[in-house]
Amino acid sequence: MLLMIPAWNEEESIEGVVEDARAHFEGAEILVVDDGSTDRTAAAARRAGATVASLPFNQGVGAAHQTGYIYGLAHGYELCGQIDGDGQHPAAELVPLVDAVAAGEADLVVGSRFAEVSGYHASFARRIGQRLFSLLVSTSTRQTFTDTTSGMRALNHRTMELFVRRYSPEFAEVESLQQAVRAGLAVKEMPVSMMAREQGSSFITPLGSAFYLFKTLTVLLVGHLRPGKVDPEAEL
Ligand SMILES: Nc1nc2c(ncn2[C@@H]2O[C@H](COP(=O)(O)OP(=O)(O)O)[C@@H](O)[C@H]2O)c(=O)[nH]1
Ligand SMILES: [Mg+2]
């Protein structure tokens, strides 16, 4: 299986994340997608034993994910697990998600923080945003989602094929859920624990959140109204 870790300027955490991933996924190829980092993320990831795909400039987390899926398909992987590079996702938490996809229980499994560890703290604006995204994605897909911005996921070949074809550069996690359900894939959430961010800072500031919220709502609305389904197995 492929274990993909998107990372943008995560030099302080990436080694630990890769080591944790290697300890829990023996035999998996660990791919760090270095999203145009200007620090030593790529070198640190390589030192820890990961394969590194470096994008020439920063393109956003969606492009980083999609790079991982393209790599996964090109190398014939049936399974892909993903965790963030900032140390918020303990690799142990991903294991049951990957097992569920491997067992054919779903095409895409998303780790949801509704079982949060104490210490996980989201800002007020972010909590509102998360609620709204959940409400909208749930309404649009007629399926309940509680954590639409989670980057801890496991997916199979079919889902990679869909995401290689079309994937939102900016609204990666949220829009891709809507897209996967609409394409007829089986998507499910499983509870996971996550850590609060230790190093660096999240890209979401209060004003940024409000703008992001607005943009994401628009994208979800357009995604909902968009005619026709995407067939993940149609010719590219
Ligand atoms: N913020 C941000 N993160 C990126 C980008 N490209 C890759 N990433 C990685 O995507 C993951 C999630 O980003 P993060 O800012 O922690 O998101 P959050 O946990 O939802 O606040 C981290 O591993 C980042 O290093 C990018 O352009 N912006
Ligand atoms: Mg994070």
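Asn9 is partly exposed, because 19 other C-beta atoms lie within 10 Å (20 or more count as buried, 12 or fewer as exposed, with C-beta atoms placed from the backbone). The model is predicted; local features need pLDDT of at least 70, side-chain atom pairs count only at pLDDT 80 or more, and totals for chains, interfaces and linings use all residues. Residues are numbered from 1 along each chain as its sequence is written, while chains are lettered from A and ligands numbered from 1 in the order in which they are written.

Asn9 sits in the loop between β1 (2-7) and α1 (14-24). Helices (H or I, at least four residues) and strands (E, at least two) are DSSP runs, numbered from the N terminus. The phi of Asn9 is near 50 degrees, a positive value in a residue other than glycine. Arg142 also is not a glycine and has a positive phi, of about 55 degrees. Its place is the loop between α5 and β6. Arg142 counts as exposed because it has 7 C-beta neighbours inside 10 Å.

Seven strands form an open sheet with mixed pairing, in the order β3-β2-β1-β4-β6-β5-β7. Pairing requires at least two DSSP bridges between two strands. β3 (51-55) and β7 (187-191) stand at the edges with a single partner strand each, so one side of each lacks a neighbour in the sheet. From one strand to the next, the twist averages 20 degrees. β5 (residues 108-112) and β7 run parallel and are joined by five bridges. Val109 stands opposite Lys188 in β7.

Helix α4 (residues 91-102) lies across β4 (79-82), β5, β6 (153-156) and β7, at about 20 degrees to β6. Angles run from 0 to 180 degrees between N-to-C directions, with axes fitted to C-alpha atoms, for helices over the stretch in contact. Helix α6 (residues 157-165) packs on the sheet and touches β4, β5 and β6; its direction makes about 95 degrees with that of β6. Thr159, Met160, Leu162 and Phe163 of α6 are buried. They lie on the same side of α6, because they cover an arc of only 160 degrees around the axis (taken from the directions from the helix axis to the C-beta atoms).

Helices α5 (residues 124-141) and α8 (residues 206-225) pack at about 5 degrees, with axes 10 Å apart. They are therefore roughly parallel to each other (angles under 35 degrees). Residues making the contact include Leu132 and Phe133 of α5 and Leu213 and Leu217 of α8 (C-beta atoms within 7 Å).

Note on methods: Contact = placed C-beta atoms within 7 Å. Parallel < 35°, antiparallel > 145°, perpendicular 65-115°, else oblique.
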